[in-house]
Amino acid sequence: MTDTARTARAGVPERPTLDGLEETWARRWQEEGTYTFDRSRERSDVYAIDTPPPTVSGELHMGHVFSYTHTDMVARFQRMRGRTVFYPMGWDDNGLPTERRVQNVYGVRCDPSLPYDPQWRPPATPVGEERRKDPTPISRRNFVALCERLTASDEQVFEALWRRLGLSVDWSLTYTTIGRVARATSQRAFLRNLARGEAYQAEAPTLWDVGFATAVAQAELEDRERPGAYHRLRFTGPGGREVLIDTTRPELLPACVALVCHPDDERYADLVGASARTPVFGVEVPVRAHPLADPAKGTGIAMVCTFGDLTDVTWWRELQLDTRVVIGRDGRLLPEPPAGVPAEPYTALAGQTVNGARRTLVGMLADAGDLVGEPREITHPVKFYERGDRPLEIVSTRQWYLRNGGRDARLREELLARGGELRWVPAHMKHRYDHWVGGLTGDWLVSRQRFFGVPVPVWYRLDDAGEPDWSHPLTPDEAMLPVDPSSDPAPGFSESQRGVPGGFVGDPDVLDTWATSSLTPQIVGGWETDPDLFSRVFPMDLRPQGQEIIRTWLFSTVVRAHLEHGVLPWRDAVLSGWILDPDRKKMSKSKGNVVTPMGLLEQHGSDAVRYWAANGKPGMDLAFDPAQIKVGRRLATKLLNASRFALGLGAADALRAPATEPLDRAMLAELSGVVATATSAFDGYDHTAALQATEAFFWRFCDDYIELVKERAYGSGPGADSARAALATALSVQLRLFAPVLPYVAEEVWSWWRYGSVHRATWPTTYEVGRAITGTGDPALLRLAGDALGQVRRAKSERKLSMKAEVPLAEALGPAAVLEQLTVIADDVRAAGRIAKLDLLPDRTPDLVIACAL
């Protein structure tokens, strides 16, 4: 038996209030399992949502409230449509954001060389700035334990806010991206990618964040405008010819491996195939031609360094140039010069930061007379890791990659075709997917040199000299998962053989957080662990997410499902817009203009905040507007009071009775149109259009219809019975239409006179509304009656009379056809307007005019 059958009616309270509804109903929903997923239902009866797991690295903000409310409205609508809704919540708790938060809160840093200290205890309270500048080194195991401790605390805060907001999540399905299930799933998928040749290891130029000390993937880059300067350097060509080069990275001169010009640039045609000598170091480098060289940029000829930027990598790879790496993983110049570079001039640069080396080398160039003119200051885009605060460098490292179509034209076309199969809401967002996939220049770098993440599940044999055999990694059986190669011995080895010749070594890296988040459907759906559940929820129905992570979360999830299952992971993708501040600027933590939601939820109520969120369509930006939240609270309050009034007229006992009077039938006929509009809008993920139609009708229902029929409803006989029946049907239908947006007040009112939960009730249909009408209904009659009553009210207001003042005589002027319609509802208009006598004067005016004698 469901909660719908067992929850009793509460009765109408004497003084209804919005205060306290969240605590009451959140508790009841949890106790009664209102939103529990029914896993016995067939796949056709399931609506599965791949809910975004928010990053647990700080506070939730109004952007989260905005987008998660949208998803919840979908879940509530689909549940009322008869589907059992698979609606989990996850916490994205591994990765760099969590590590950075732990470092800042506790003033620590991870040092993997340190042994585990079971006696170590973190500070009892967050540390100050001085402690952050001189962090305490702790072991990896101590550091990971601290990450787990902080995320567990943050997750409790996040869950409390989501419950307060009224998300209809099945909390028994909650998962974390660092949890045992997620680790096993992520490692299983990686091992299968490896077995199929989709995952591979390579030593290659890698984008490197010096601050986080880790590799960064293409999808995590962003350009930021930064000041710089062009320096003109004098190279020496054949016969002493002067070759001038403009560069913003003079410190990379010892890493120079070639000069490159455009094949059609006649200025340097005679140099191609020859060589030039670098200033200061005197190294001979070849001059080559390549179409990426821009004749209009600088002097038209560029130096290729390993590696200054991604273009250098392209030239290095395609022209098969030498490698001279000078920048290390710590962002400093290496202590020894690369092969072929003289040691004496390099000694002045060794160990310096990039900026320090730049200043030193510019001075050396000037002293040698090879700096031509003064540096020219510019502002130019510099690549950063999206979460970093220092420019990226490119260093040569051994990393794990996953094929994503960046170097495989066939796979690229397959993934583009998957994007075409997906239903995009709004449709234009597909262009971003196509643009990203079409512009990929390399495979997905999935390994990270960090600590709090899913370990790469491989080990390597050590030869007799203690060198790892990178080409034949040792892998675990899937039954062993999850594993941690840094603490678990390799299969067939004992822990005593770790790190010794003839033994083994574990891969020290962890997987990129997206390599785990890209498997959220598999993690929560029970892939390989619960085949029955997986068959009922996968592929899922909906992926709601932010537009800014189409290139990361959405694309990576498509990649994993395509490679493993040969299908899309979901049918529909709904993309959120941005939340803007009052100055129409995007809210973000980095800009310091975010608004945290809990205070607003407590002050105005969750329904009011949800109402604000519902006014933003998918893909459309919405300004944060406290005034709109206040409008939402007024709407919720009006729903309480209007419902109490209607039920006080006896509507509760008239449900399913027929509406026979013309005005009652007219109101229900218009309501039937609202049901059709709202249903179609929700089916199209346009909750805003559904709310607008419902809200507009509700105010007309309150301001016009209830006022027009309340005198009749107070009475007895067929007319009164019809009014009460119409009120009952209208109230029942409107509560269900509002339920996805205003779940608390809709549930509260429903409990006064109906059994069970409104959120388990069936979504209203036009058939249901039509069945309550005897004969037919004309919506125009309700609008006509409202117009007539509005004119009477206006006349009283202009004379500063009470709305209860009697009108001895009123004359209705207008086209005969209009007055003929008015005759049908004249009794209700007279009663509502307190009109003693209403005369109809046809064809005196082109439009309806009610003239009152007061």
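Q: How many bridges join β23 to β24, and are the two strands parallel or antiparallel?
A: There are 6 bridges between β23 and strand β24 (residues 570-576), and the two run parallel. Strands count as paired if DSSP finds at least two bridges between them. This is a predicted model, in which local features need pLDDT of at least 70 and side-chain atom pairs pLDDT 80 or more, while totals for chains, interfaces and linings use all residues. Residues are numbered from 1 along each chain as its sequence is written, and side-chain values use heavy atoms, with hydrogens and water left out.

Q: What stands opposite L542?
A: D572, in β24.

Q: Which sheet has those strands, and in what order?
A: An open sheet of 3 strands, ordered β17-β24-β23, with parallel pairing. β17 (423-425) and β23 (540-546) are the edge strands, each pairing on one side only. On average, neighbouring strands here are turned by 20 degrees against each other, direction ignored.

Q: Switching to β11. Buried or exposed?
A: Strand β11 (residues 256-261) has 6 of its 6 residues buried, so it is largely enclosed by the rest of the structure. Buried means under 20% relative accessible area, exposed over 50%, partly exposed in between (1.4 Å probe, protein chains only).

Q: What does β11 pair with?
A: It has 5 bridges to strand β14 (residues 301-305), running antiparallel, and 3 to strand β13 (residues 284-289), running parallel. L259 has M303 in β14 as its bridge partner, and V260 has R288 in β13.

Q: Now helices. At what angle do α21 and α22 pack?
A: About 160 degrees, with the axes of α21 (residues 687-714) and α22 (residues 718-738) 11 Å apart. That makes α21 roughly antiparallel to α22. Axes are lines fitted to C-alpha atoms, for helices over the stretch in contact, with angles from 0 to 180 degrees between N-to-C directions; under 35 degrees is roughly parallel, over 145 roughly antiparallel, 65 to 115 roughly perpendicular and the rest oblique.

Q: Which residues meet there?
A: On α21 they include L691, F698, Y705 and R712, and on α22 they include A723, R724, L727 and F738. The contact (heavy atoms within 4.5 Å) divides into 15 nonpolar, 4 polar and 3 charged residues. Ala, Val, Leu, Ile, Met, Phe, Trp, Tyr, Cys and Pro count as nonpolar, Asp, Glu, Lys and Arg as charged, and the others, Gly among them, as polar.

Q: How many helices and strands does the chain have?
A: 27 helices and 29 strands, taken as DSSP runs numbered from the N terminus (helices H or I, at least four residues; strands E, at least two). Of the 854 residues, 56% are buried.
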